[in-house]
Amino acid sequence: MSRVIHVFRQPERFVAGTVGEPGDRSFFLQAIEDARTISVLLEKQQVSVLADRISALLHEVARRFGDEVPDEAQGSDLDPLAVPLEEEFRVGTMGLGWDADSRSIVVELLAVTDEEVDESVVLDDTEEGPDALRVFLSPVQARAFADRAERVVSAGRPPCPLCAEPLDPDGHVCVRLNGYHERSPVGD
């Protein structure tokens with residue numbers, strides 16, 4: 001079966017969002033262009049890493065090419081994800097690049113696969129490989145995505161001030177308070 005690559009060259013919207021309550025949330029990225037909407041499922045950590053890497057890439061683009069990139073988002077998209085929310089695929093591998101011709105950041109999200117993904121498949125139009133979502137973002141759109149993604153990730157359960165593990169509404173057993181202490185080896 002041949003690979004399907006969903007390409008959004010001028011998305012009206014590319015956002016991170018969640019479904020569910022903190023502690024039991026599912027994370028999605030959603031791209032919308034014209035009448036087409038694609039939603040992909042991924043892990044909270046993947047959203048966080050993607051936001052961090054986009055911010056780093058924006059900084060690098062400004063440094064190397066002298067392109068103006070926003071330090072913070074101009075206006076915020078606080079709307080919920082578009083419904084009906086239908087998962088196209090679960091994200092496994094993520095790719096990120098700069099397209100100098102279109103002056104865009106390119107985000108590529110590849111579906112989870114049982115086989116190892118060859119590096120050459122990422123940001124390429126090869127016939128074989130996992131399905132993909134490829135989105136071209138202006139620097140302004142990329143900054144807005146990264147800012148919203150960071151807000152979405154941090155909107156979860158607050159961390160315990162002692163151990164940094166997430167606090168449930170009814171509390172949690174903190175490893176720093178339950179009497180467990182690491183012991184250093186004797187005789188070193």
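User: Happy to start with Cys174: is Cys174 buried or exposed in this model?
Analyst: This is a predicted model, and burial here means a relative accessible area under 20%. Cys174 comes out at 8% relative accessibility, so the residue falls below that cut-off and counts as buried.

User: And is Cys160 buried or exposed?
Analyst: The cut-off for burial is again a relative accessible area under 20%. Cys160 has a relative accessibility of 8%, so Cys160 counts as buried.

User: How many disulfides does a search of the whole structure find?
Analyst: A disulfide needs two cysteine sulfur atoms within 2.5 Å. For Cys160, the closest cysteine sulfur is that of Cys163, and at 3.8 Å it is too far for a bond. Cys174 is in no disulfide either, with the sulfur of Cys163 as its nearest, 3.8 Å away. Across the whole structure, the number found is zero.

User: Nice. In what order do the helices and strands of the protein chain run?
Analyst: The secondary structure comes to two helices and seven strands. Read from the N terminus on, the order is β-β-β-β-α-β-β-β-α.

User: Which residues of strand β1 are buried?
Analyst: Strand β1 covers residues 5–8, and its side chains alternate between two faces.

User: Which residue of β7 stands opposite Ile5?
Analyst: Strand β7 spans residues 132–137, and it pairs with β1 in the parallel sense over four bridges. Within that pairing, the residue opposite Ile5 is Ala132.

User: How far apart in space are Asp118 and His59?
Analyst: Asp118 lies in the loop between β6 (104–111) and β7, and at 48% relative accessibility it counts as partly exposed. In sequence, Asp118 and His59 are 59 residues apart; C-alpha to C-alpha, their separation is 28 Å.

User: Which residue of β5 stands opposite Leu41?
Analyst: Strand β4 is residues 36–42 and strand β5 is residues 87–99, and the two pair in the parallel sense over two bridges. Opposite Leu41, the β5 residue is Arg90.

User: Which residue takes a positive phi in the hairpin of β5 and β6?
Analyst: β5 and β6 run antiparallel and are joined by seven bridges. One of the bridge partners is Ser104 in β6, paired with Asp99. The hairpin has four residues between the strands, and the one with a positive phi near 55° is Arg103.

User: What share of the protein chain's contacts with a separation of 6 or more joins residues 24 or more positions apart?
Analyst: The C-alpha trace spans about 60 × 45 × 40 Å along its principal axes, and 38% of the 188 residues count as buried. Among contacts with a separation of 6 or more, the share from residues 24 or more positions apart is 61%.

User: To finish, how far apart are the centres of the positive and negative side chains?
Analyst: The accessible surface of the chain comes to about 11,700 Å², with 47% of it belonging to carbon and sulfur atoms. As for charge, there are 18 positive and 37 negative side chains, and the distance between the centres of the two sets is 5 Å.

Terms used
Residues are numbered from 1 along each chain as its sequence is written. This is a predicted model: local features need pLDDT of at least 70, side-chain atom pairs count only at pLDDT 80 or more; totals for chains, interfaces and linings use all residues. Side-chain values use heavy atoms; hydrogens and water are left out. Buried means under 20% relative accessible area, exposed over 50%, partly exposed in between (1.4 Å probe, protein chains only). Two strands pair if DSSP finds at least two bridges between them. Contact means heavy atoms within 4.5 Å. Accessible areas come from the Shrake-Rupley method with a 1.4 Å probe; for residues, only the protein chains shown count as cover. Lys and Arg count as positive and Asp and Glu as negative; His and the chain ends are not counted. The place of a charge is taken as NZ of Lys, CZ of Arg, CG of Asp or CD of Glu.
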